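This briefing covers sheets, a helix pair and salt bridges. The points are grouped by topic.

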Amino acid sequence: MDAQDGGRTAPAGRDHLAVGIVVLTWGLALGAVVATLAAGQPFDEVPWYAERSYFVLYLLVALTTGPTAAVIVRRGPHPAGLLTALIGTGFAASAAALAWSFLAWSHPGLPGAGFAVHASGWLSAPGGFLAITVLPWLLRPDRLTPARRALAATGAAATLLITLLSATGQQPEAPANPLSLDGTAVGAASPHLVWPCLWVCAAVGLLAVGDVVRQWRREPSDSARAYGVLASAVTLMFAGMTMLQFWPTDAGRAAVQPLGIPVLAVAQVLLCLSVVVVVLRTWDGGPDIVVPRLAVWALLSSVVALLYVSAVGLAIRLLPMNDDAVRTLVVAGLALVIHPLRQWLQGRVDRLVHGAAADPVRLLGQLGRQVRGEDRRDVLPALVESVRDGLRLGRLEIVSVAEPRVRVHSGAARAQTLPEHRADLRLVVDDRHVGDLTALAAPGQRLDARTRKVLRSLSDVLALGLDLAQSQLRLQAASERLGEVRHEERRMLRRELHDSLGPALAGVGLGLAAAQRRLRHDPPGASVLLDEMRAELTRRTDDIRMLARSLLPVQLDDGDLAAALDVLATRFRGAGLDVRTYVDPAATLDTRRQIAVYHVATEALMNAYRHAQAGAVDLAVTAAPGGGVVLDVADDGRGVGEAPRTGVGLSSMRERADELGGSVVVEPRPDAPGTRVRMVLP
């Protein structure tokens, strides 16, 4: 079976190990607190070295490092996971050992007081030195060069030697250490070995700081931020160790040393946070939202402690007030800055853990930069791609709910049914439901509350992008339709002028010339010829009037065939022809087919008006059973024979049908006198 951690799957063995690390570190810390409380007020009473601030620091390290190690261990085998577990366990055990020594001192019958007193010192040594001499080198195993391996090994060896030397010493006025080597040659040499080891650790730590800073300067934006925090953490940890161990006495050691513990506390929290971020690359889909909250709580506590110690130390030296008054004043000042400090820390931690996706405003700015310069047709795909990338989603898809259909997606499709892996949002513009958004978590991840909140914040932008894309498609379709309509209109005018009006007017011109020649020798014949020309011009005037009526109406510009046919029918009704129209709503046609239907209907009506002597015409556009469309124009005129004469109008109708793969048939009406024109388009 697999266990879930923030959406990633982890083998049960790693899951149990992670739980064990947290239980061990937090259990030891809790035991240390309980034992210390049971011992009364031991820090100022026991005769051996026992510093309250160190005790609090060890508890803080145990509480932060344990979960850090657990998160890393559950995500996979990584040297930083086990190393941070060792560090956290060491500090937790150190606090527990010191607490047990307190309890054994207050209850003399309890065993192990001497061992516990000294174990509290050497158990903390690995954590204190491994964090600055070994851990920075192991964060990126893919970059573990031979030089880095050698430095990490050197730091580990020096730390081990310091631990052994600390374990074999005897603390003044403390119960006997069962591991003490005092009085032996090794015990005599120990003081001479400790300081070289400390200096070795200091040198390796300085090199680690430099290496982290160098990587920080080379990383891209999100990872550079994590390495910057890591560099700050290692630097602060090195500074805190320097304040406690290496600060010269003649350089104000008494004033500087109290700052060492708060500095180390801040460094420890920053170190744990940056280790999780660097190792797990949380900006590519990090762990649960609880990580930033715990980090903010620990950072706030540590920073407030650092500010308190610093402010109290400085105020005591500068203000003419007693210590109690100074402490009261400092506490009042800190109370004013805690809330804005927490908000500031929350924003920085969210930015560190989640990258640009933590701040919707920043993400919007990033989206604007990414889509700037894109072709307008590509804005919505660019927005979808940017949001998916910014929020580290596995897939983001937007689908419109109305025509024209728009479907834009980014990321691979996959089956995803669990609610924690999926988010569905309605996209609304001005109370109009324009589309739906579907977001899927990245493989092995889940959609946390932060991601869902940012998605809701960005949904209006995506809705506007979808609405804009649909408007552009409508505008493009309208422009294409208008171009086709105007092209067909010019084509019809050209054909009519060339095939009908042109020859007719040329004939009138020839007739007028003949009439002019007859005026001298045959005036009556010229008068008859002029009457014929007048009648021809009258007919051609009617043709021009009918041609004007048959021009494509503006309704076709909008793709409304039914309205266009109604306008056509109204024009012919004005000439005395009763035209009844019907358009099946199920008959869907593109612009070219609408124009073809309109022109064939116009030709059929003109033939019925000119030649069939019809009084009424039924015009119907219906959907064909197998797809396509059927136009029927049936008049009540004198009808046609079995083989109707092919003229310009019939040829024009057949040409339009042939262009679209259809057919036109002109035949007698099967149910009544008259003619039926039927066009079928696939």
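Glu667 has a relative accessibility of 25% and counts as partly exposed. Its side chain meets that of Arg676 in a salt bridge, with 2.2 Å from N to O. The model is predicted, and a search of the whole structure finds 11 salt bridges.

- Asp632 and Arg678 form a salt bridge whose closest N and O atoms are 2.7 Å apart.
- Asp632 has a relative accessibility of 16% and counts as buried, because buried means under 20%.
- Arg678, in contrast, is partly exposed, with a relative accessible area of 31%.

**Other salt bridges**

- Arg148, Asp211 and Arg214 belong to one network, joined by salt bridges that share partners.
- Another salt bridge links Arg422 with Asp424, and the closest N and O atoms there are 2.9 Å apart.
- In general, side chains of opposite charge can pair when their charged atoms come close.

- An open sheet with mixed pairing is formed by 5 strands in the order 7-8-9-11-10.
- Strand 7 (578-583) and strand 10 (663-668) are the edge strands; each has a single partner strand, so one side of each has no neighbour in the sheet.
- From one strand to the next, the twist in this sheet averages 10 degrees.
- Strand 8 (residues 616-623) pairs with strand 9 in the antiparallel sense, over 7 bridges.
- Ala620 has Asp632 of strand 9 as its bridge partner; Asp632 is also the residue that forms the salt bridge with Arg678.

- Strand 3 (residues 393-400) pairs with strand 4 in the antiparallel sense over 4 bridges.
- Within strand 4, His409 is the bridge partner of Glu397.
- As a general point, strands of a sheet pair through backbone hydrogen bonds, either parallel or antiparallel.

**Helix pair**

- Helix 2 (residues 52-75) packs with helix 3 (residues 79-106) at an angle of about 150 degrees, and the two axes are 7 Å apart.
- Helix 2 is therefore roughly antiparallel to helix 3, since angles over 145 degrees count as such.
- The crossing of these two helices is left-handed.
- Where helix 2 contacts helix 3, the residues comprise 17 nonpolar and 5 polar, with no charged ones.

Note on methods
Residues numbered from 1 in each chain as written. Predicted model: local features only at pLDDT ≥ 70, side-chain atom pairs only at ≥ 80, totals over all residues. Heavy atoms only, no water. Pairing = 2+ DSSP bridges. Salt bridge = Lys/Arg side-chain N within 4 Å of Asp/Glu carboxyl O. Buried < 20%, exposed > 50% of the residue type's maximum accessible area, 1.4 Å probe, protein only. Axes fitted to C-alpha atoms, helices over the stretch in contact; angles between N-to-C directions. Parallel < 35°, antiparallel > 145°, perpendicular 65-115°, else oblique. Left-handed = near helix turned anticlockwise from the far one by under 90°. Nonpolar A, V, L, I, M, F, W, Y, C, P; charged D, E, K, R; others polar.
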